[in-house]
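Here is a short briefing on aromatic rings, charges over rings and helix packing. Have the sequence and the 3D view ready as you read.

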Amino acid sequence: MPTQDITVQDQELGQRLTALTIGMDQLERRLSRGHGVLDSEGLVPIYLGQDLVPAPAYQDWEEVHTELAALDSATLQLGAGPRRAFLEDMLRSLRTAARLFEGEELSFKEKLEQLVGVPAEPVSDDVIHDLQATIDTLLQQAGYREGTLGERVHRWEADGAIAAGELGATFTALMREAQSRTDALIYPTGDYTMALNEVRGVPFTARCNFNAGQMDLNVDLNFTRSALKHLVCHEVFPGHSTQLLYTKSAAERGESTADVLLCTANAVTGCVQEGIGDQGVHLIDWVEDTNDAIHMTLRRLRSSTATSAAWYQMGAGWSEERVRAFLEASSFGQPVWIDGRIRFASYSFRGPFIASYWHGDEAVRSVRERIRPEQRAAFIETLYGQMHSPRSLMMFQA
């Protein structure tokens, strides 16, 4: 069943929004020839709706702004609620993207607030300290009691690191269990699977290479079983790959508006996409032991400190050396991960999206933790079967 009664107006707006966004993607790719602010990635990196909503052939950005204005007017006709909130946030995000594609210079603050749709500020020190205190307690429970917190984190990760020769087999075993849980609790994924693709020298930890059927994994880093489990859940089941499968099927059946096909867009939708991935282990009820609890809290710590570091680097003008020192002291991350975060933050368009992980995770987590068991089915349908900004998702009520 659809998550809401979809009106003709909803369907029309969803169709037009999808056409606009994919049209912007194609225009940007054509004009930039792979050398624009998004290089070859495009505004919508993975789009499965070519047969449902083809891209209009925009000739220039003036046509884009005309349609943006028309959709603004149509959105004003909607009643207050999550659908209107999402459309307002998405149209603001797309307008900001168009300005950047046209060559306009925007501050990091403007990109965070208008493109990503999150506050332009670091994460509270109190939040970071609370996460560090939780990790301290969990490490003590796991027997890591000697040394500073950073030393104990590094020792725990080193002790549990998967040997290079065992990564493939561990990945496959984790993916099978994640798929079984996803099929039971989220969506039947059929015979879809992914292969592990080991890469080096990249600024990311892992990536969903959906069209190639691969999860790219940065093997310059070491991974515990809990860390690899999280990445499988984030990128494959029940994360990005699952969301792509779900949204394509729902759009084809008419159970969702066409804009669910924009789930990978580099826009305000990115927050909830990353939130689904980062909450993946929890969404399929797969926290098995203290090691999992340590890693899940450590992941939140690193997401929060990376968000703060990006603001310090690009918003407050800190030197890279100062940012690196902050991340070393607060996140306890591996040097390759820290270097990757600093590179990521410096990218003109994608850099502000570092903050989408923290804010998206917090949005999905806060709703997941407050729903009652009988609301879970409606929550999953809302989460996967509708497009959301953090603001609109927080308005969820079964």
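Phenylalanine 349 is buried, with a relative accessible area of 0%, where buried means under 20%, exposed over 50% and partly exposed in between, using a 1.4 Å probe and protein chains only. Phenylalanine 353 is buried too, at 1%. This is a predicted model, in which local features need pLDDT of at least 70 and side-chain atom pairs count only at pLDDT 80 or more, while totals for chains, interfaces and linings use all residues. Residues are numbered from 1 along each chain as its sequence is written, and side-chain values use heavy atoms, leaving out hydrogens and water.

**Aromatic rings**

- The structure holds 13 aromatic pairs; rings of Phe, Tyr and Trp (its six-membered ring) pair if their centres lie within 6.5 Å, and planes under 30 degrees apart count as stacked, over 60 as edge-to-face and the rest as tilted.
- Tyrosine 187 and tyrosine 246 make a tilted pair, 5.1 Å centre to centre with 55 degrees between the planes.
- This pair links distant parts of the chain, 59 residues apart: tyrosine 187 is in the loop between α7 (167-185) and β1 (195-199), and tyrosine 246 is in helix α9 (residues 240-253). Helices (H or I, at least four residues) and strands (E, at least two) are DSSP runs, numbered from the N terminus.
- Both tyrosine 187 and tyrosine 246 are buried.
- Phenylalanine 349 and phenylalanine 353 form a stacked pair, with 6.1 Å centre to centre and 20 degrees between the planes.

**Charges over rings**

- Lysine 229 has its charged end over the ring of tryptophan 286, 4.5 Å from the ring centre; for this, NZ of Lys or CZ of Arg must be within 6 Å of the ring centre and within 35 degrees of the ring normal.
- The charged end of arginine 322 sits over the ring of tryptophan 318, 3.7 Å from its centre.

**Helix packing**

- Helix α13 (residues 320-330) packs with helix α14 (residues 335-346) at an angle of about 135 degrees, their axes 10 Å apart; axes are lines fitted to C-alpha atoms, for helices over the stretch in contact, and angles run from 0 to 180 degrees between N-to-C directions.
- In α13, Glu320, Val323, Arg324, Leu327 and Glu328 meet Trp337, Ile338, Asp339, Arg341 and Ile342 in α14, with contact meaning heavy atoms within 4.5 Å.
- In helix α16 (residues 376-385), the buried residues include Phe379, Ile380 and Leu383.
- Those buried residues of α16 pack against several helices, among them α7, α9 and α15 (354-370).
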